[in-house]
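Okay, thanks for making time, everyone. Let me put the model on the screen and then we'll walk through it together.

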Amino acid sequence: MAPQGEYSLFEDVCKVVDYAASYLDIHPGLLEQIKLCNSVYKFHFPLKNADGSYTVIEGYRVQHSHHKLPVKGGIRYSTYVDEEEVKGLAALMTYKCALVNIPYGGAKGGVSIDPTKYNVDQLEKITRRYTAELIKKKFIGPAIDVPAPDYGTGSREMAWIVDTFEAFNPEVINAKGCVTGKPLSQHGIDGRTEATGMGVYIGIREAVSVQEDMDQLDLSPGLEGKTIIVQGLGNVGYYSAKYLQEAGAKIIGIAEWNGGIWDENGIDIDALKTYQNKNKGFKGYERGEFVEKSAELLTYPCDILVPAALENQITSENAPRIQAKIIAEAANGPVTQDAEKILLNKNILVIPDMYLNAGGVTVSYFEWLKNLSRVSFGKLEKRYDMKKYEGLLESIEKITGDSFSDEQKQLIARGASERDLVNSGLEETMVTAYHHMNGVRKEKNLKSLRIAGFIVALERIAISYTDLGIFP
Ligand SMILES: NC(=O)C1=CN([C@@H]2O[C@H](COP(=O)(O)OP(=O)(O)OC[C@H]3O[C@@H](n4cnc5c(N)ncnc54)[C@H](OP(=O)(O)O)[C@@H]3O)[C@@H](O)[C@H]2O)C=CC1
Ligand SMILES: O=C(O)CCC(=O)C(=O)O
């Protein structure tokens, strides 16, 4: 069941698609094809417990759109996983990839478990068996469907997935590209762990850089001094908060499901994370005020609210009480469509999930390219570039009679590392997509960035389907 009752993320996504399509000329039959999920795979398998009993585990993989292959999207471990949730998340992946121009169709997977209730051995068994179920039905492969981490999973699970896939497919030369978000030792890419949070930071930075948009919100441009509340201090929430803080913003609230911290003087994110890891929560943290009912923190005063946990967090119930001027959707689906209408009427800018958390899939794309080419980025040209720039600096020194300091030489003549190239590609993707989406918003005289994002994505998907034609 989705968090909080009968809410359907998939239905919510379809509603936005219908509204965005009213700005475009798409054949109704094609629109129906775009909206529906192409393949929904639900399965069960047994887990044998130490006492000899069995637990039956429910798994899903949904491929929303095959207009581009492979399809791509993370795997979630959570008790909220059900068909509606996975379908909604898979659909969001399709529109996300189209908006940021990453050549994939959308997919998502899920296992309906609370991962904290299982030990590492059990999690490994569940992950490997889940992968085997995908292999049996050809729902995984570097050219077919490429999973990645999502809520409740990380690089450890991705390593088990690639190992299982390789065991069943020893002849597949590009087998490493069957999943992304792998550890570096398994040919993952430097920067994927931080990528979603880094993308969230870049997206917010771009949004607050537009003077006329900030004037509308009565905010000054730039991140310096902006007050921020973050919900969820997991992978995405932690890195988003860390990069925003490093850029000069002040994190004044962090909400976790078992309590939050409120501190108007600013929270030291690394210190709080270290405390959380040790104590499984914030209770007893010596700085700031502990907020028992952490959901209330979403309605506290701040400039920017960053929900980075789960969907359905800002609803028509709490939207009227939101005091933030910008809501930056780091999670997938945290604001319901009913809530968004209320927020837009309150002149709140919502930076939509399909754009803001696209840093993860963007860097996953780079990892997949690395796996297909079987060489890390920068390996071939790094030394060549260094020598070229050193030669250039020497020539300048000769001509001018001046000399560069060692520090300057190091900065200019340093060849790009894999991380440099990943961050450069990520920044380019996020910056270009934001201003394109915001440009469409203004051109169509829309309040909602989300509708603008869906217009851009839908147009690209429709063109792709139309050019493909219908088989047979
Ligand atoms: N990982 C990625 O690369 C990407 C993730 N996303 C999206 O970002 C969101 C977060 O994912 P990710 O960071 O990977 O997941 P994680 O599992 O790493 O972190 C989620 C965090 O949110 C906390 N949390 C759960 N429920 C609540 C709640 N009701 N209130 C406050 N905090 C809560 C969790 O606590 P606890 O651990 O104690 O349960 C955990 O600390 C999801 O919507 C996901 O789909 C989007 C793009 C890519
Ligand atoms: O990295 C990926 O391929 C997908 C990440 C993801 O699941 C998401 O963007 O929601």
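So, let me start with a bit of sheet: strand 2 and strand 5 (residues 105–111) run antiparallel and are joined by 5 bridges. When I say strand, I mean a DSSP run of E with at least two residues, while a helix is a run of H or I with at least four residues, and both are numbered from the N terminus. And two strands pair, for me, if DSSP finds at least two bridges between them.

Quick housekeeping before I go on. This is a predicted model, and local features need pLDDT of at least 70, side-chain atom pairs count only at pLDDT 80 or more, and totals for chains, interfaces and linings use all residues. Residues are numbered from 1 along each chain as its sequence is written, and chains are lettered from A and ligands numbered from 1 in the order in which they are written.

Back to strand 2. Its residue Gly-59 stands opposite Val-111 in strand 5. Strand 2 (residues 54–63) also pairs with strand 1 (residues 39–48), antiparallel, over 10 bridges. If you want one pair to click on there, take Tyr-41, whose bridge partner in strand 2 is Arg-61. Strand 1 and strand 2 make a hairpin with 5 residues between them, and in the turn Gly-52 has a positive phi of about 90°.

Now zoom out to the domains. What does the domain assignment give for the protein chain? You get domain 1 (9–186 + 453–468) and domain 2 (194–357), with bounds that come from an automatic or database domain assignment. Their centres, taken over C-alpha atoms, are separated by 26 Å. At the boundary, 15 residues of domain 1 are in contact with 11 residues of domain 2, where contact says that the C-beta atoms, placed from the backbone, lie within 7 Å. On the domain 1 side, helix 1 (9–21), helix 3 and helix 16 (449–468) each supply at least two residues. Helix 3 gives the most to that side, with 6 residues. By class, the domain 1 side splits into 9 nonpolar, 3 polar and 3 charged residues. For those classes, Ala, Val, Leu, Ile, Met, Phe, Trp, Tyr, Cys and Pro count as nonpolar, Asp, Glu, Lys and Arg as charged, and the others, Gly among them, as polar.

Next, the ligands. Where does ligand 1 lie? Domain 1 and domain 2 both give residues to its shell, so ligand 1 lies between them. There are 25 residues around ligand 1, and Gly-232, Gly-234, Val-236, Ala-331 and Gly-360 come nearest. Near here has a cut-off: the C-beta atom, placed from the backbone, lies within 6 Å of the molecule. The elements giving two or more residues to that shell are helix 8 (235–246) and strand 8 (250–256). Helix 8 has the largest share, 3 residues. The class breakdown for the ligand 1 shell is 11 nonpolar, 12 polar and 2 charged residues.

Ligand 2 has 14 residues around it, with Gly-74, Ala-148, Gly-360, Val-361 and Ser-364 coming nearest. Helix 3 (83–99) and helix 12 (359–373) each supply at least two residues of that shell, and helix 12 has the largest share, 3 residues. Here we have 3 nonpolar, 8 polar and 3 charged.

For the parallel part, look at strand 7 (residues 227–231) and strand 11 (residues 304–307), joined by 4 bridges, with Gln-231 opposite Pro-307 in strand 11. For the antiparallel part, strand 8 and strand 9 (residues 259–262) are joined by 4 bridges, and they form a hairpin with 2 residues between them. Gly-253 has Trp-262 in strand 9 as its bridge partner. Strand 9 carries on to strand 10, antiparallel, through 3 bridges.

Last stop, a helix pair. The axes of helix 15 (residues 418–443) and helix 16 come within 8 Å and cross at roughly 105°; the axes are lines fitted to C-alpha atoms over the stretch in contact, with angles running from 0 to 180 degrees between N-to-C directions. That makes helix 15 roughly perpendicular to helix 16, on a scale where under 35 degrees is roughly parallel, over 145 roughly antiparallel, 65 to 115 roughly perpendicular and the rest oblique.

Note on methods
Contact = placed C-beta atoms within 7 Å.
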